[in-house]
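Here is a short report on one protein model. Please keep the sequence and the 3D view at hand while reading.

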Amino acid sequence: MKAIPYGRQCISQEDIESVIAVLKSEYLTQGPVIKEFEDDFARYVGAKHAVAVSNGTAALHLSALALNVNNASNVITTPITFAASANCIKYCGGNVYFVDIDPETWVMDIDKLEKLILSKPPNFFSGVIPVDFAGYAVNTEKIKQLAEKHNMWIIEDACHAPGAYFLNANNEKVFCGSGKYSDLTIFSFHPVKHITSGEGGMITTNNDDLYKKLILLRSHGITKQSKDLYENHGGWYYEMQTLGFNYRLTDLQAALGKSQLKRADDGLQRRREIAAKYHHAFKNNSKIIKQSVLEDGHAFHLYVIQVVERKNLFDFLRTKAIYCQIHYIPVHLQPYYKLMGYKKNDFPIAEAYYETCISLPMFPTLTSDEQALVIQLITEYINGS
Ligand SMILES: Cc1ncc(COP(=O)(O)O)c(C=O)c1O
């Protein structure tokens, strides 16, 4: 039997041809396809600017640098995320604080965020990094109200959530990455994500100054734009104006990403269909807890359930070649963060969530038969346990 992973890329003939076209072209990197992908992506999420980078972690690092994070910075994120959401602050020498998750939506608890902010002196925190966990769009309108009051910026980690939205107080759909409330939003194009470029990432923003900084930081801090130069010695001249990195995406990757983006809405729709089927299959099973989804704007990067017998279920499904995953081991319990003093029971809701969570297969090419098998095996196992 073919193995069923929790996530898998989907590559079409058009994707392959797009990459081949770049291979036959003048530019493998620093060519025109990067900007085309950026423009298409900005349009897709409804932002003014998009900056393509080498991966989602680079997107987080550059975002933190653009917002001047340094060793005096204190920044808040959630423990239920991939480590990179927190690590980007450590790269810049800053301090990471965590806020526990909401027990029903599994994203940062905004009341606890406010409590943490108020527990410190004014202007103690420079920013917050909410994460649209599993594809559930965090209510950044509410976070923005706090951020504005306390002079903080917002980097939204939307790696799980291209195409996701929440409804704001005016009942408008606010899409992740649109920059309506977040200063910067970051995405990843790792193969398990909604669209892939192999490795890749994107930062979106409506802020012209941050955009300019990101472009500079992405490529060694170097500019050749004559209007931005301090001097100009001739056609060859460039200036390194700040300490940047080589976090560029190649044209090969951008071509794949751009081609994938054309099918992003189809993939999203299929993910929502798969989620609806899981929901329906498990809805009357009191032994299976699901994420509370308040709107239909969930992007379902992951479909997570909570079950008491999680480890046994995980192992059992492996024997049937169904490779589920666990998202996530709480970041504060990683040995690196424990060295900073974090310990068990610091964030009890996140820790309790971790004990029982399991991410089921969720990707657009999952067949109905494969999903039916997953549902059947889980149901039989849970009911028999
Ligand atoms: C929530 C979150 N943030 C950041 C990242 C980092 O992205 P990348 O793997 O592209 O560096 C990931 C990727 O797994 C992620 O899931």
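This is a predicted model: local features need pLDDT of at least 70, side-chain atom pairs count only at pLDDT 80 or more; totals for chains, interfaces and linings use all residues.

**The open sheet**

This pair belongs in a wider setting. Strand β14 (residues 303-306) is joined to β16 by 4 bridges. The two strands run antiparallel. They are part of an open sheet of 3 strands, ordered β13-β14-β16, with antiparallel pairing. β13 (289-290) and β16 (357-360) form the edges. Each edge strand pairs on one side only.

**Two enclosed helices**

Of its 8 residues, 6 are buried, so α4 is largely enclosed by the rest of the structure. The buried residues are Ala84, Ser85, Ala86, Asn87, Cys88 and Ile89. They pack against α3 and against the strands β3 (74-77), β4 (95-98), β5 (127-129) and β6 (153-157). Just after α4, glycine 93 takes a positive phi of about 85 degrees.

Helix α8 (residues 251-261) is also largely enclosed by the rest of the structure, because 11 of its 11 residues are buried. Among them are Asp251, Lys258 and Gln260, along with Leu252, Leu256 and Leu261. The cover over the buried residues of α8 includes α1 (13-23), α2 (32-45), β2 (49-53) and α9 (264-282).

| Helix | Buried residues | Residues in helix |
|---|---|---|
| α4 | 6 residues | 8 residues |
| α8 | 11 residues | 11 residues |

**A helix pair**

How do the axes of α5 and α6 cross, and within what distance do they come? Helix α5 (residues 110-118) and helix α6 (residues 140-149) have axes that come within 11 Å and cross at roughly 10 degrees. Angles under 35 degrees count as roughly parallel. The two helices are therefore roughly parallel to each other.

Which residues make the contact? From α5 come Ile110, Leu113, Glu114 and Ile117. From α6 come Lys142, Ile143 and Leu146. By class, this contact has 5 nonpolar, no polar and 2 charged residues.

Definitions and conventions. Residues are numbered from 1 along each chain as its sequence is written. Axes are lines fitted to C-alpha atoms, for helices over the stretch in contact, and angles run from 0 to 180 degrees between N-to-C directions. Angles under 35 degrees count as roughly parallel, over 145 as roughly antiparallel, 65 to 115 as roughly perpendicular and the rest as oblique. Two residues are in contact if their C-beta atoms, placed from the backbone, lie within 7 Å. Ala, Val, Leu, Ile, Met, Phe, Trp, Tyr, Cys and Pro count as nonpolar, Asp, Glu, Lys and Arg as charged, and the others, Gly among them, as polar. Two strands pair if DSSP finds at least two bridges between them. A residue is buried if 20 or more other C-beta atoms lie within 10 Å of its own, exposed if 12 or fewer, and partly exposed in between; C-beta atoms are placed from the backbone.
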